[in-house]
Amino acid sequence: MGNTSPKLNPELVYDLFGGIFKPQIIRLALQLDVFTPLAAGSTSAEQVAQSCHCDAIGIKSLLDYLCGLQVLECHGNIYALTPTAATFLVKGRKAYVGDMILHYTDTALFDNIQQSLRSGKPSSLGEDFVQDAWLESYLPWRIPKSLEMWQAAGISTEHRENLRILDIACGCAIKSLALAQATPTVRVTCLDAADVLVVARDLAERMGVESQVAFEPANLLDASLGENQFDAILTGQITHYLTKADNASLFNRVYSALSPNGVLVVDCPMAADKPTETTSFLTLLLWANSGGAAHSFEMYRAWLSDSGFRHIKQLSQRLLVAIK
Ligand SMILES: C[S@@+](CC[C@H](N)C(=O)[O-])C[C@H]1O[C@@H](n2cnc3c(N)ncnc32)[C@H](O)[C@@H]1O
């Protein structure tokens, strides 16, 4: 008992770095590309090792670990990709997300954050929005959750035919496509970079709503959004990436694009009075990236009322609505 003290918390210290091993070993597996030889069919550790020019005993340990993570399956000495690995981890396949994982696990990312902390200047973190969109597009629970979000925001399609929605920085657009799928008269315009819209189009086809959707490749920082064109506009998980000046400019253009009584839905992390792990992590990351932050509701209220919005309401820690 002499070595212990109730004031010390060694568990906390283990927790500070314990999560590093899984991502770094997945990184190794992607770099050695153990998934490509398995994409041709189930095979032995020796065959994978030969294809990857690696040691067979070491590769067997790595493949066993990947089985433990449910990325692979194994029957005796024969290994196979799970459907998840076959979809997301085989280089060259449509929904491959290995580049995103390699990017997030690269020390260069953290060197850039350190550089920003020293200099006070943003440095690009180079997020892979396309691969992120592919992953998101296959999350089935997103559909009911998105319908809950629209309902919470007061967007009811029951008494409203032909609702026109603009989804700014839509990613795979699952949030607005969910509403289009639930109500065939809803029309959605998806705005994002052209390569991300490839994912949104693919998802619209999978959901059977492509005839209800238009795709608008544009840079939200300066795109003209038109006048009185939409009944609702969603900005989902984007405004915390933006600086104060960029948000103020975006909300001015969003206001013009909405029809009278149109609804703006902002889905984003908002800072609370006390910093939480999630909001302060996002603020650090996005400040280093581009000068963004988990801005507070008060900040949003100021931008929105300056743009002319009324009835600006915070519905939860990550949802607010406002009316034109
Ligand atoms: C975190 S994702 C959010 C996706 C989706 N809206 C959601 O709520 O999950 C951010 C999206 O913003 C898009 N984006 C970032 N900067 C942009 C810009 N300047 N112009 C257009 N889209 C942009 C990215 O391509 C990405 O799809």
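The paragraphs below go through a predicted model, starting with its domains and ending with pairs of helices.

The domain assignment gives two stretches of the chain: domain 1 covers residues 10–93, and domain 2 covers residues 141–323. The centres of domain 1 and domain 2, taken over C-alpha atoms, are separated by 37 Å.

Next comes the ligand. A shell of 17 residues surrounds the ligand, and the closest of them are F129, A169, G171, G236 and Q237. Sorted by class, the shell has 9 nonpolar, 4 polar and 4 charged residues. Which helix gives the largest share of this shell? That is helix α9, residues 129–137, which supplies 3 residues.

Helix α9 also packs against another helix. Its partner is α12, residues 194–207, and the two axes lie 8 Å apart at an angle of about 15°. Angles under 35 degrees count as roughly parallel, so α9 is roughly parallel to α12. The crossing of these two helices is right-handed. On the α9 side, the contact involves F129, V130, A133, W134 and S137; on the α12 side, D195, V196, V199, D202 and L203. By class, this contact has 7 nonpolar, 1 polar and 2 charged residues.

A second pair is formed by helix α13, residues 244–257, and helix α15, residues 297–307. Their axes come within 9 Å and cross at roughly 45°. From α13, the contact is made by N247, A248, F251, N252 and Y255, and from α15 by W303, L304, D306 and S307. In this contact, 5 residues are nonpolar, 3 are polar and 1 is charged.

The last pair is helix α4, residues 45–52, and helix α5, residues 56–68. The axes of α4 and α5 come within 8 Å and cross at roughly 110°. An angle from 65 to 115 degrees counts as roughly perpendicular, and α4 and α5 are therefore roughly perpendicular to each other. The crossing of α4 and α5 is right-handed. A45, E46, V48, A49 and C52 of α4 make the contact with A56, I59, K60 and L63 of α5. By class, the contact of α4 with α5 has 7 nonpolar and 2 charged residues, with no polar ones.

Methods: Residues are numbered from 1 along each chain as its sequence is written. This is a predicted model: local features need pLDDT of at least 70, side-chain atom pairs count only at pLDDT 80 or more; totals for chains, interfaces and linings use all residues. A residue is near a molecule or strand if its C-beta atom, placed from the backbone, lies within 6 Å of it. Helices (H or I, at least four residues) and strands (E, at least two) are DSSP runs, numbered from the N terminus. Ala, Val, Leu, Ile, Met, Phe, Trp, Tyr, Cys and Pro count as nonpolar, Asp, Glu, Lys and Arg as charged, and the others, Gly among them, as polar. Domain bounds come from an automatic or database domain assignment. Axes are lines fitted to C-alpha atoms, for helices over the stretch in contact, and angles run from 0 to 180 degrees between N-to-C directions. Angles under 35 degrees count as roughly parallel, over 145 as roughly antiparallel, 65 to 115 as roughly perpendicular and the rest as oblique. A crossing is left-handed if the near helix is turned anticlockwise from the far one by less than a right angle, and right-handed if clockwise. Two residues are in contact if their C-beta atoms, placed from the backbone, lie within 7 Å.
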